[in-house]
Amino acid sequence: MVQRSQTQSIIDPEFLLVAYVKGFFPMADSRSGEVGWYSPDPRAIIDLERFHIPRSLRQTIKKNIVEVYLNRRFEDVIRSCADRDETWISEQIVQSYCELHRRGFAHSVETWRAGKLVGGLYGVALRSAFFGESMFSAERNASSVALAFLVRRLVERGFTLLDTQWMTPHLARFGAREIPKEEYLERLQYALTLDVSFT
């Protein structure tokens, strides 16, 4: 953690992008809203070429139960991710990432069924690095379908790094693993040399 801020104005977009380039990301305290900057060691990533799709999810995808869209309702996705008893996604974080979205850096992958948003995820794309921030699911496997779609798109577009920040049991199901911070920063610097586009 390198800095804390209690201001409720948005985080300066340029400052936020520079933080990602250096391996940091913000999280707000669920009670005070104070923003802290984190660079975990170890860091969790998903190796794009080794992404594992569990059998139940594979069956869900084959059934075409949900439709997948990009950047259709970014703000609704981030607010749905924040809709829980304790959350690090404060209003300041919401507004800051909505501004990154308007500038073309933050993206949402959304799952819809019967005209309703039922799951999704959002993150930040910089060159060939994608920094996954959060996901939500209102129906079984809805966010997992979005993750599978994200990985496929990243591979197709030539991305080399999918940063998931922290390891969770849910992400471990898909092959997420932890690597030392030093290795993460090396992978990040390489990813930033490749000029690819998410959209």
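Predicted model: local features only at pLDDT ≥ 70, side-chain atom pairs only at ≥ 80, totals over all residues.
Biologist: Let's start with C81. Which helix is C81 found in?

Modeller: A helix here is a DSSP run of H or I of at least four residues, numbered from the N terminus. C81 is found in helix α3, which covers residues 74–82. Residues are numbered from 1 along each chain as its sequence is written, and side-chain values use heavy atoms, leaving out hydrogens and water.

Biologist: What is the mean pLDDT of the protein chain?

Modeller: The mean is 95, and 96% of the residues reach 70 or more. Over residues 1–7, however, the pLDDT is below 50, although this stretch has 17 contacts in the model beyond near neighbours in sequence. Contact means heavy atoms within 4.5 Å.

Biologist: Back to C81: buried or exposed?

Modeller: Buried means under 20% relative accessible area, exposed over 50%, and partly exposed in between, using a 1.4 Å probe and protein chains only. C81 is buried, at a relative accessible area of 1%.

Biologist: Which residues is C81 in contact with, leaving aside neighbours within four places in sequence?

Modeller: T87, I89, Y122, S134, M135 and F136. Although C81 and F136 are 55 residues apart along the chain, 5.1 Å separates their C-alpha atoms.

Biologist: Y122 is on that list. Which residues of the largest nonpolar core touch the most other members?

Modeller: A nonpolar core is a set of buried Ala, Val, Leu, Ile, Met, Phe, Trp, Tyr and Cys residues joined through side-chain atoms within 4.5 Å. In the largest core, of 39 residues, Y122 touches the most other members along with I89, Y97 and V124. A second, separate core has 25 residues, including F51, A146, V151 and L162.

Biologist: How do I read helix packing? At what angle do α1 and α4 pack?

Modeller: Two packed helices are described by the angle between their axes and the distance between the axes. For α1 (residues 13–21) and α4 (residues 91–102), the angle is about 90° and the axes are 10 Å apart. The two are therefore roughly perpendicular, a label for angles of 65 to 115 degrees. P13, L16, L17 and Y20 of α1 make the contact with S96, Y97, E99 and L100 of α4.

Biologist: And how do α2 and α5 cross?

Modeller: The axes of α2 (residues 55–63) and α5 (residues 142–157) cross at roughly 85° and come within 10 Å. That makes α2 roughly perpendicular to α5. Here L57, T60 and I61 of α2 meet S144, V145 and A148 of α5.

Methods: Axes fitted to C-alpha atoms, helices over the stretch in contact; angles between N-to-C directions. Parallel < 35°, antiparallel > 145°, perpendicular 65-115°, else oblique. pLDDT = per-residue confidence, 0-100.
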